[in-house]
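Here are my notes on the model below. They cover backbone geometry first, then charged pairs.

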Amino acid sequence: MRKTLLVAFAAMFSVASMPAFAGSFIVSIKGNSDRLLADIEAAGGVVTSDLSVINVLVVDADDASAFDGIAGIDAVMEDVMIEYREPLKSEVNIDFAAPEAASPPFTGDDDFFFDLQWGHTAISATDAWAAGHRGAGVRVAVLDSGIDAEHPDIAPNLNAALSASFIPGEGWNVRPGTFFNHGTHVAGTIAAADNGFGIIGVAPDAEIIAVKVLSEYSGGGSFSAILNGIVYSAQVGADVINMSLGASIPRNCGVNVPGNVGNASACADFFSVFARGVKYARDMGATVIASAGNDARDLDHDSSLKKFPAEVNGVLSISATGPTGWALDPVNADLDKLASYSNYGQSSIDFSAPGGDYIYPGNDVCAVVVYQYCWAMDMVFSTISGGWSWSAGTSMAAPHASGVAALIIGKNGGSMDPQAVEKALRQSADDLGKAGNDDAHGMGRVNALRAVE
């Protein structure tokens with residue numbers, strides 16, 4: 001029979017020059033928050049999120065002048081959107097059947113799509129499982145576009161009670177149907193259950209919570225939604241926070257840049273606020289991991305833009321690796337080449353992980369478990385709403401790293417200081433490229449087996 005599988009390229013996001021909605025502001029505060037709340041409300045403002053644990057309030061007001069003269073306010077920034085950039089997508093009709101001749105690597109695993117997950121080979125995930133480490137007792141927050149809660153690969157490890165949405169009018173559980181959903185793809189890579197069905201996550205015994213900070217329809221979300229998601233995840237005991245999302249923010253803010261237009265410190269204020277959020281999460285025991293971005297930019301030498309949240313202090317930034325023509329020779333394929341789209345930079349990248357690529361030329365068809373374009377099989381295969389599909393991006397690399405972090409934390413009893421997690425990742429990573437820290441891989445490509453040895 002023939003079925004349609006979606007092939008999608010994961011995209012990062014750009015900062016829009018419009019507020020999340022009219023008159024929404026991120027307010028950095030100091031001093032007594034109760035008095036500030038009263039003063040802001042007296043001035044006509046409406047506090048929509050009280051994040052005073054990190055000295056932040058999210059406030060609706062007619063304009064920024066509403067905050068003039070209120071003591072205890074450090075900075076006022078427009079709550080701008082992270083605006084989705086449409087990814088390149090295509091629907092591919094394929095013969096959904098086993099190839100006539102099996103060629104390695106075939107594990108024979110009863111999770112029938114597992115052999116499409118070359119990323120697990122790259123990071124030695126199955127060897128870590130054989131050593132007895134599968135992420136049990138670890139809670140991973142997926143800050144993304146929601147999750148398909150009914151997916152058979154997702155449901156066994158999903159904590160629905162703690163899952164939450166910070167997107168107005170949208171629940172964390174995505175709408176019914178079969179379609180590409182970014183958050184579901186990310187969640188499956190981290191912790192799809194080893195249940196004799198579909199695929200297997202890097203940490204198949206870890207717990208997932210869905211924290212919706214991006215719309216499942218547009219892919220967009222406000223800065224305040226992401227900030228709320230970070231704080232919420234920390235407060236409900238997340239051990240790992242995965243953010244496969246991002247925006248490019250000017251390093252030197254000026255005219256026509258969102259937030260304090262014309263104020264050169266505006267972008268610094270944004271990064272300062274989010275650094276406080278990340279520090280709060282780390283202080284609460286959460287390791288924070290983010291995708292490095294899909295712009296193919298040298299982040300060390302790009303003087304114009306800074307990547308959010310990958311370059312926020314305290315965030316582990318993950319670049320993407322991927323093969324070219326993996327399905328032609330799975331045993332000998334180089335799985336560790338820097339992906340064609342991945343950002344890089346010695347001072348900006350912490351680790352690399354499998355994110356896939358799509359540069360194999362032409363439309364040759366390969367056979368590994370299913371028939372599919374050879375270039376598509378170089379991407380990362382994971383869950384989508386109502387099914388499974390391929391996608392490529394640093395969005396796919398970050399969850400591989402988050403899965404390895406979950407294995408490390410699980411080995412150490414389910415709770416671990418983020419500094420210790422980072423040290424374990426650093427000491428166990430495969431040192432690719434030039435010796436030591438390098439542009440493409442940072443401190444190395446994550447290795448699940450070495451991480452738990």
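1. Conventions. Helices (H or I, at least four residues) and strands (E, at least two) are DSSP runs, numbered from the N terminus. This is a predicted model: local features need pLDDT of at least 70, side-chain atom pairs count only at pLDDT 80 or more, and totals for chains, interfaces and linings use all residues. Residues are numbered from 1 along each chain as its sequence is written, and side-chain values use heavy atoms, with hydrogens and water left out.

2. Cis peptide. Check the bond from Phe-308 to Pro-309: it is cis, with omega near 0°. Pro-309 sits in the loop between β16 (305-308) and β17 (316-321).

3. Positive phi. Ser-124 is not a glycine, yet its phi is positive, about 60°. Ser-124 lies in the loop between α2 (118-122) and α3 (125-130). It is buried (under 20% relative accessible area; exposed is over 50%, partly exposed in between; 1.4 Å probe, protein chains only), at 17% relative accessibility. Val-369 has a positive phi near 70°. Its place is the loop between β19 (365-368) and β20 (370-373).

4. Salt bridges. The structure holds 14, each a side-chain nitrogen of Lys or Arg within 4 Å of a carboxyl oxygen of Asp or Glu. Arg-134 pairs with Asp-194, closest N and O atoms 3.0 Å apart. The two are 60 residues apart.

5. A buried pair. Lys-212 and Glu-170 form a salt bridge at 2.9 Å, N to O. Lys-212 is in strand β11 and Glu-170 in the loop between β10 (164-165) and α4, so parts 42 residues apart in sequence are tied together. Both residues are buried.
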